[in-house]
Amino acid sequence: MKCGNIIKYFLFGHLFINSVTYSCITDTRSESLKISSDHSWYLPTIFNKTNTQGCGCDTNEVVCIRKCCDVNYVEINKTCSFNSTLTMDLPIFEHQNVKLEGEDLPRIHFISGINQCIMDDDMFYEALRDEFYIQDDGRIWLPAMNTYFGQEHYCLDYNNENIVATICILDFDIQGLLISERLTVVGMIISLPFLFITFVVYALLPVRNQHGRCLMCYVFALFQTQLLNVITTLHPHPDNYSAYVCRTIAMLCLFFTLASALWANVMSIDIYLTFSGSRGFQGSKRRTEKRRFTVYSIYAWGVPMLFVILVMVLSSLVKPNKWYNPGIADQECWLNDGIPSLLYLYLPISTIAIANISLFTITSSKIRKSQKETAVLRKGINSRSDDNKIRFSVYLKLFAVMGINWTMDIIAWAVDWQVDRIPHAIWYVTEFCNAAFGLVIFLIFVCKKNIWNLLKRRYYMIMGLPNTTIPTLEIMLPNGCEPKS
């Protein structure tokens with residue numbers, strides 16, 4: 001998803017301190033897989049944004065310009081060859097108007113690293129010198145495409161003594177995306193209708209209890225998260241929106257991402273309280289559930305709201321070059337990569353995931369202690385104890401799949417952040433499965449005979465027809481719905 005974690009601390013913990021104290025790496029030859037003994041040529045390295053964190057690119061005094069090869073090297077047929085005679089003397093523009101040139105130019109850092117699309121012979125475009133304009137923030141502007149390209153999407157170098165900008169094509173449609181981004185978009189486009197259907201089905205059911213209401217809130221938050229992710233994946237750059245719209249999209253995406261995680265946490269808390277026998281409030285079961293749901297709503301909607309406000313304040317008050325600045329809408333309509341994503345996204349989600357695992361482990365232990373038999377999914381049993389066990393089994397399936405997806409997503413993010421030579425194809429399956437999670441929810445909670453019977457009951461109620469053909473026993477919905485008392 002667009003849009004670090006506790007698990008990351010276990011797997012990559014030793015990298016955390018190194019990531020905070022960034023150094024500016026302008027010489028990438030040492031990272032090359034192959035270099036000649038006399039240093040006359042080397043195989044170019046893929047651009048790694050973490051190498052630029054200490055270069056002062058976020059300050060007004062330095063302009064960081066991306067170069068395919070190191071200074072005094074030029075890219076020729078995917079090889080960086082030594083050439084000290086060609087230098088880059090490039091004016092800085094504001095849009096298409098010259099802003100700084102000659103002696104007025106600030107200190108320039110050439111940050112090196114070739115584009116992945118060049119090495120893969122993928123779609124890229126070579127813009128001639130008069131086709132692009134270098135901006136004072138290091139991006140380049142292409143009037144022909146009416147688009148700004150950040151440092152991660154272009155690199156400059158010489159081609160037959162002419163400066164060209166090699167750009168990975170990003171048309172902001174499904175054809176112009178990286179394979180992983182295409183899979184994410186396709187997966188979420190598949191997921192969204194199933195999330196919508198799940199929400200509508202549970203809204204239409206004639207009977208609904210605590211678990212059904214929590215599931216609806218979770219599905220609603222997840223739907224909004226995936227919808228915003230599709231938008232920001234297809235149109236990632238802040239220049240496609242006004243500053244206000246871009247920040248709003250980022251805040252909403254962060255809010256609903258955390259809200260979906262917390263509503264999943266609410267479901268694990270509720271099932272734990274069910275088996276612990278704690279009602280929490282005095283009064284009838286119906287009134288107790290309403291009060292508990294109110295508390296759940298304050299928790300699952302309120303905490304993300306407070307967190308988003310905190311991120312907004314930090315983004316406004318903290319200096320841009322601080323490692324803990326969230327960087328909302330700086331690079332794209334989302335958090336900055338690296339430490340900000342760790343602190344404000346993956347760490348909270350990992351904490352919630354670990355809490356869910358702990359609650360389900362405790363609940364499983366309580367079930368084993370209360371009943372020795374293992375066959376808890378017995379058909380036709382109408383006791384509340386067995387209903388709760390069936391509900392627990394259903395949620396356990398949901399959280400097992402969810403936990404695998406979250407874990408793989410976090411590990412993929414951490415590896416992609418710190419290791420730039422891992423093939424992206426490794427994560428294709430997990431990225432698609434994570435994006436298409438709405439289909440899993442639909443299969444678990446909607447594709448059930450009891451749900452179909454309840455929908456038929458609702459239809460008969462609307463049409464004024466008798467519903468005696470629906471067995472009463474099957475109307476009892478142990479995984480989230482039950483008749484109102």
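Tutor: A disulfide here is a pair of cysteine sulfur atoms within 2.5 Å. The model is predicted.

Student: How many disulfides does that rule give?

Tutor: Apply the cut-off of 2.5 Å between sulfur atoms. Cysteine 68 and cysteine 155 pass, with sulfur atoms 2.0 Å apart. Cysteine 69 and cysteine 80 pass at 1.9 Å, and cysteine 246 and cysteine 333 at 2.1 Å. The count is three.

Student: Is the link of cysteine 68 and cysteine 155 right-handed or left-handed?

Tutor: The pair links distant parts of the chain, 87 residues apart. Cysteine 68 lies in the loop between strands E2 and E3, and cysteine 155 in strand E12. The angle about the S-S bond is 80 degrees, and the link is right-handed.

Student: What is the handedness of the disulfide of cysteine 69 and cysteine 80?

Tutor: Cysteine 69 sits in the loop between E2 and E3, cysteine 80 in strand E4. The torsion about their S-S bond is about -80 degrees, so the disulfide is left-handed.

Student: Which helix holds cysteine 246?

Tutor: Cysteine 246 bonds to cysteine 333. Cysteine 333 is in the loop between helix H7 and helix H8. Cysteine 246 itself is in helix H6.

Student: Which cysteine sulfur is nearest to that of cysteine 214?

Tutor: Cysteine 214 is in no disulfide. The nearest cysteine sulfur is 6.6 Å away, and the cut-off is 2.5 Å. That sulfur belongs to cysteine 217.

Student: Is cysteine 447 buried, partly exposed or exposed?

Tutor: Buried means under 20% relative accessible area, exposed over 50%. Cysteine 447 has 45%, so this residue is partly exposed.

Note on methods. Residues are numbered from 1 along each chain as its sequence is written. This is a predicted model: local features need pLDDT of at least 70, side-chain atom pairs count only at pLDDT 80 or more; totals for chains, interfaces and linings use all residues. Side-chain values use heavy atoms; hydrogens and water are left out. Helices (H or I, at least four residues) and strands (E, at least two) are DSSP runs, numbered from the N terminus. Buried means under 20% relative accessible area, exposed over 50%, partly exposed in between (1.4 Å probe, protein chains only).
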